[in-house]
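Student: I would like to work through this structure with you, taking one point at a time. Could we begin with a residue and its surroundings?

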Amino acid sequence: MRNLENAPRIYVGTYGQYNSGSLFGKWFDLTDYTDLKEFLQDCFEFHRNELDPELMFQDWENIPDFLISECSLQKEAFAYFEATGEMDDETAEAFEIYCKQINYWPSNGYELEDQLESFRECYRGFFGGSMKDPELEYAYQYVEETGLLSGMPSTLEKYFNYEAFARDLFLEGYSEYEGHVFADY
């Protein structure tokens with residue numbers, strides 16, 4: 001994990017307790033478990049006083065919504081947390097956006113390694129710098145990296161319309177989410 005402050009946690013109660021008017025449960029730190037089976041065993045052990053408890057995830061922290069619902073946790077969650085734990089915060093944020101809004105993991109059926117590879121190919125970086133316009137900032141970088149204007153006389157280069165170029169880039173080929181830029185393929 002990047003740090004304990006951002007550790008994924010779930011407050012686990014049961015539907016039986018909830019329907020009886022009780023919110024009795026416990027916060028479980030997912031960093032204490034290696035997989036879903038181990039986590040669920042501990043949850044059922046905690047609620048062993050109930051005959052056939054039906055677990056209810058009443059609250060959670062630092063878990064993307066595409067991995068959890070009130071009654072289930074994706075088995076891929078533990079591999080996801082391990083992978084994002086090795087990333088810096090900015091990259092982990094971008095990967096969450098990619099999984100949630102671009103490539104719809106884990107419902108897309110990809111294995112985590114395939115999802116990570118696809119993310120690495122598409123992610124262009126975070127552009128939230130001094131320009132305050134991520135699309136325009138990326139357009140400047142794109143022009144610089146590709147050498148698009150190299151060989152052009154400097155007197156003509158200053159007439160290049162970066163705003164229009166950025167608009168065209170993001171109409172076809174690139175997407176921006178919260179300052180993170182992704183290639184659309």
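This is a predicted model: local features need pLDDT of at least 70, side-chain atom pairs count only at pLDDT 80 or more; totals for chains, interfaces and linings use all residues.

Student: Does Gln115 count as buried or exposed?
Tutor: The label buried applies under 20% relative accessible area. Because the relative accessibility of Gln115 is 0%, this residue counts as buried.

Student: How many residues apart in sequence are the parts that the pair of Arg9 and Glu61 ties together?
Tutor: The side chains of Arg9 and Glu61 meet in a salt bridge, with 3.0 Å from N to O. Arg9 lies in strand E1 (residues 9-14) and Glu61 in strand E3 (residues 55-61), so the parts that this pair ties together are apart in sequence by 52 residues.

Student: What separates Arg120 and Glu117 along helix H5?
Tutor: These two side chains, of Arg120 and Glu117, also meet in a salt bridge, at 3.8 Å from N to O. Because Arg120 and Glu117 are 3 residues apart in helix H5, their separation is about one helical turn.

Student: Where is Asp88, one of the residues of a negative surface patch?
Tutor: The patch is formed by Asp65, Asp88, Glu90, Glu93, Glu96 and Glu178. Asp88 counts as partly exposed, at 47% relative accessibility. Its place is in the loop between helix H3 (77-85) and helix H4 (89-102).

Note on methods: Residues are numbered from 1 along each chain as its sequence is written. Side-chain values use heavy atoms; hydrogens and water are left out. Patches are made of residues with over 30% relative accessible area and no salt bridge: like charges are joined within 9 Å, nonpolar side chains (Val, Leu, Ile, Met, Phe, Trp, Tyr) within 5 Å. Accessible areas come from the Shrake-Rupley method with a 1.4 Å probe; for residues, only the protein chains shown count as cover. A salt bridge is a side-chain nitrogen of Lys or Arg within 4 Å of a carboxyl oxygen of Asp or Glu. Lys and Arg count as positive and Asp and Glu as negative; His and the chain ends are not counted. The place of a charge is taken as NZ of Lys, CZ of Arg, CG of Asp or CD of Glu. Helices (H or I, at least four residues) and strands (E, at least two) are DSSP runs, numbered from the N terminus. Buried means under 20% relative accessible area, exposed over 50%, partly exposed in between (1.4 Å probe, protein chains only).
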